[in-house]
There are 2 protein chains.
Amino acid sequence: MSQERVGVDLETSLGYLLKEASSALRAAMEEVLRPLGMSVTHYSCLELLAQRPGLSNSELARGAFVTRQTMNVLLQALERDGYVTRPAEAPVGKALPARLTPRGRRSLEKASAAVRSVEARMLAGLTETEQSAAFRILQSMIHSLRGDNEGA
Amino acid sequence: MSQERVGVDLETSLGYLLKEASSALRAAMEEVLRPLGMSVTHYSCLELLAQRPGLSNSELARGAFVTRQTMNVLLQALERDGYVTRPAEAPVGKALPARLTPRGRRSLEKASAAVRSVEARMLAGLTETEQSAAFRILQSMIHSLRGDNEGA
DNA sequence: TGACTCATGTCAGCATTCTGACATAGGTTG
DNA sequence: CAACCTATGTCAGAATGCTGACATGAGTCA
């Protein structure tokens with residue numbers, strides 16, 4: 001619109017590109033999940049529970065990259081609507097292991113398929129080799145950012 | 001905490017890994033920007049203006065991956081606090097070209113250095129070749145997700 | 001010229017997520 | 001055992017970003 005290249009490196013910054021890709025992925029997921037009446041966080045919670053039954057609220061929060069307070073709000077809604085069950089008493093400690101109900105599992109099926117198709121579209125232009133490279137590169141970035149390698 | 005590997009593919013999903021990396025990057029940026037009293041969106045806006053002076057509110061919003069309404073609220077605050085100036089009248093159309101004030105430029109300096117150090121840390125474990133690969137791969141993902149290649 | 005379409009700036013209301021705080025359960029350490 | 005530390009679930013308030021809506025300016029096209 002305004003001008004073209006005053007000339008710095010937003011276009012060459014991997015950080016910016018990472019944010020751009022993540023934003024595009026999120027938008028694409030929202031687009032396919034909206035018709036199913038499901039938000040990305042909503043889907044993430046169900047998918048996590050399908051793959052790792054018995055996760056606690058805090059564990060789900062970490063897996064979905066939100067705070068445990070946020071996840072708690074969502075879990076209470078999912079429980080109220082019958083997608084998820086949690087025992088009234090904690091079997092050990094305070095952690096309440098959550099599980100999908102049959103209704104939750106059913107509702108996840110369509111969403112999961114939709115999201116997998118988005119992921120497939122995302123990877124459509126990449127060779128197997130490139131996908132493997134992407135995997136290693138992203139893991140390295142995460143590792144470095146979290147500072148897993150410093151300190152003792 | 002609960003169990004280890006019930007066993008599906010969250011650990012092998014590039015979509016999940018992308019979200020994880022983006023989340024780690026955002027957290028690292030927030031960590032270094034907080035001492036400077038600056039949020040990520042706040043920083044993004046200033047950095048965009050430094051690199052592309054004269055961007056309009058809507059263009060800044062697209063560049064920072066937020067809606068133009070959200071960017072407008074931020075811009076008004078930045079203008080009120082003297083980091084940014086916009087003309088009272090649009091030179092053409094309705095778009096108001098925004099520019100950094102000296103104060104805005106000064107405030108950006110430290111933030112920009114901090115963010116660049118985060119990006120450097122993110123890339124620390126990667127070779128030049130891998131960084132080039134990451135660039136091409138991320139661009140391909142963005143391109144595919146946006147569906148630039150379909151239709152006419 | 002006039003109707004149409006599109007992008008923009010902006011206001012208002014709503015949704016989502018976060019920060020802060022508290023009580024409790026369990027493990028650790030002296 | 002007692003003090004301490006960490007993790008958890010949960011409530012309340014605040015911040016942040018979004019959707020909806022409206023008016024305006026510019027280009028397009030008949």
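Predicted model: local features only at pLDDT ≥ 70, side-chain atom pairs only at ≥ 80, totals over all residues.

Trainee: How many helices and strands does chain A come to?

Mentor: The secondary structure of chain A comes to 6 helices and 2 strands.

Trainee: And what does chain A span along its principal axes?

Mentor: The C-alpha trace of chain A spans about 60 × 50 × 35 Å. Its radius of gyration is 19 Å, while a compact globule of 152 residues would have one near 15 Å.

Trainee: What percentage of the residues of chain A count as buried?

Mentor: 33% of the 152 residues do. As for contacts in chain A between residues at least 6 apart in sequence, 44% of them join residues at least 24 apart.

Trainee: OK, on to the pair. What rotation superposes chain B on chain A?

Mentor: A rotation of 180 degrees, with 0.0 Å of shift along its axis, and the RMSD is 0.0 Å. The two copies are thus related as by a two-fold rotation axis. Both copies use the same surface, with 100% of the contact residues of chain B recurring in chain A.

Trainee: How many residues of chain B are in contact with chain A?

Mentor: 50 residues of chain B, and they meet 50 residues of chain A. Helix 1 (14–33), helix 5 (102–122) and helix 6 (128–146) of chain B are the elements giving two or more residues to that side.

Trainee: Which one gives the largest share?

Mentor: Helix 6 of chain B, with 15 residues. By class, the side of chain B that touches chain A has 27 nonpolar, 15 polar and 8 charged residues.

Trainee: Switching topic: helix 4 of chain B. Which of its residues are buried?

Mentor: Met71(B), Leu74(B), Leu75(B) and Leu78(B). They cover an arc of only 105 degrees around the axis, so they sit on the same side of helix 4 of chain B.

Trainee: What do those buried residues pack against?

Mentor: In chain B, they pack against helix 2 (40–51), helix 3 (57–64) and strand 1 (84–85).

Trainee: And which exposed residues does the face turned away carry?

Mentor: Gln69(B), Val73(B), Ala77(B) and Arg80(B).

Trainee: How far apart are the end C-alpha atoms of that helix?

Mentor: 18 Å. At 1.5 Å a residue, the 13 residues of helix 4 (residues 68–80) of chain B should span 18 Å, so the two agree. Just after helix 4 of chain B, Gly82(B) takes a positive phi of about 85 degrees.

Trainee: Back to chain A. Is Leu49(A) buried or exposed?

Mentor: Leu49(A) counts as buried because it has 24 C-beta neighbours inside 10 Å, and the cut-off for buried is 20 or more. Leu49(A) is found in helix 2 (residues 40–51) of chain A.

Trainee: What does Leu49(A) touch?

Mentor: Not counting residues up to four places away in sequence, Leu49(A) touches Leu55(A), Val84(A), Ala98(A), Arg99(A) and Leu100(A).

Trainee: Last one: where is Met29(A)?

Mentor: Met29(A) is in helix 1 (residues 14–33) of chain A. Met29(A) counts as buried too, because it has 23 C-beta neighbours inside 10 Å.

Trainee: Which residues does Met29(A) touch?

Mentor: Leaving out residues up to four places away in sequence, Met29(A) touches Val40(A), Val115(A) and Val118(A). Met29(A) and Ser117(A) are 88 residues apart in sequence, with their C-alpha atoms 9.6 Å apart in space.

Conventions
Residues numbered from 1 in each chain as written. Chains lettered and ligands numbered in written order. Least-squares fit on C-alpha atoms with pLDDT ≥ 70 in both. Contact = placed C-beta atoms within 7 Å. Helix = DSSP H or I, 4+ residues; strand = E, 2+ residues; numbered from the N terminus. Expected span 1.5 Å × (residues − 1). Buried ≥ 20, exposed ≤ 12 C-beta atoms within 10 Å, placed from the backbone. Arc of directions from axis to C-beta. Rg over C-alpha atoms; globule rule 2.2 N^0.38 Å. Nonpolar A, V, L, I, M, F, W, Y, C, P; charged D, E, K, R; others polar.
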